[in-house]
Amino acid sequence: KNCVLRLEKSRIRLICQTELADGTQVWATVKTATLFAGFRIESATADEIYLIVDLGNLMMALKSAERARSVVVKLSKKEAQPILHFEISVHSLPAAGGPRHVIVQEVPVRVLRAEQIAEFRLPDLPPAPVELFLPPLRELRSVVEKMRAIGGHVTLAMDSHGRLSLHVDTTLLSATTTFSSLATPDPH
């Protein structure tokens with residue numbers, strides 16, 4: 001599945017087209033300070049870069065960086081093909097401070113031109129009444145996949161007390177899983 005990765009000075013946005021015929025898009029946003037100790041972007045389009053990336057390839061690179069000591073990501077070219085180049089530093093024996101190894105992952109991307117990005121503008125939405133950090137994705141994915149197998153549609157609800165509930169309802173079964181004590185983003 002291809003998605004658009006929108007890089008900005010203060011945020012990174014992932015934009016995926018749904019399979020619905022009405023052109024529905026799913027947007028996910030994360031502040032760059034949440035992910036990176038240092039982040040620099042320079043472009044001719046108001047310091048925004050739009051990339052089309054295969055989500056599976058991006059997830060493999062991010063999975064390699066899951067327990068990294070440091071990660072450097074650069075937009076570069078390899079044989080005229082734009083890529084996201086990941087340099088992932090890990091210790092072979094993390095508890096013992098073992099030798100450092102560097103894992104390199106290269107994710108092919110396609111850079112969108114200025115005239116191609118008009119369809120990827122954030123819709124006008126009211127401020128979110130509730131914002132929460134998600135629980136670990138592995139746990140969340142496991143719950144969602146099991147619930148989808150039961151009912152096909154999963155309802156998500158969150159509240160200002162740090163709770164995220166996932167609910168599935170069928171004629172034979174109703175099930176709810178709740179993640180509690182989730183953190184909220186810093187408003188600044």
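Where is Ile150 found? Ile150 sits in helix α3, which covers residues 137–151. Before I go on, keep in mind that we're looking at a predicted model.

Okay, so let's stay with Ile150 for a moment. Its relative accessibility is 40%, so we call Ile150 partly exposed.

Next, the cysteines. Just as a reminder, a disulfide is a covalent bond between the sulfur atoms of two cysteines. How many disulfides does the count come to? One. The partners are Cys3 and Cys16, and their sulfur atoms are 2.1 Å apart. If you look along the S-S bond, the angle is 105°, and the link between Cys3 and Cys16 is right-handed. Cys3 belongs to strand β1 (residues 2–7) and Cys16 to strand β2 (residues 11–17), so the pair ties together parts that are 13 residues apart in sequence.

Are these two cysteines buried or exposed? Cys3 is buried, with a relative accessible area of 2%, and Cys16 is buried too, at 13%.

Last stop: Ala37. You'll find Ala37 in the loop between α1 (32–35) and β4 (49–54). Ala37 has 94% relative accessibility, so it counts as exposed. Now find Ser70 as well: Ala37 and Ser70 are 33 residues apart in sequence, and from C-alpha to C-alpha they are 9.6 Å apart in space.

Terms used: Residues are numbered from 1 along each chain as its sequence is written. This is a predicted model: local features need pLDDT of at least 70, side-chain atom pairs count only at pLDDT 80 or more; totals for chains, interfaces and linings use all residues. Side-chain values use heavy atoms; hydrogens and water are left out. Helices (H or I, at least four residues) and strands (E, at least two) are DSSP runs, numbered from the N terminus. Buried means under 20% relative accessible area, exposed over 50%, partly exposed in between (1.4 Å probe, protein chains only). A disulfide is a pair of cysteine sulfur atoms within 2.5 Å.
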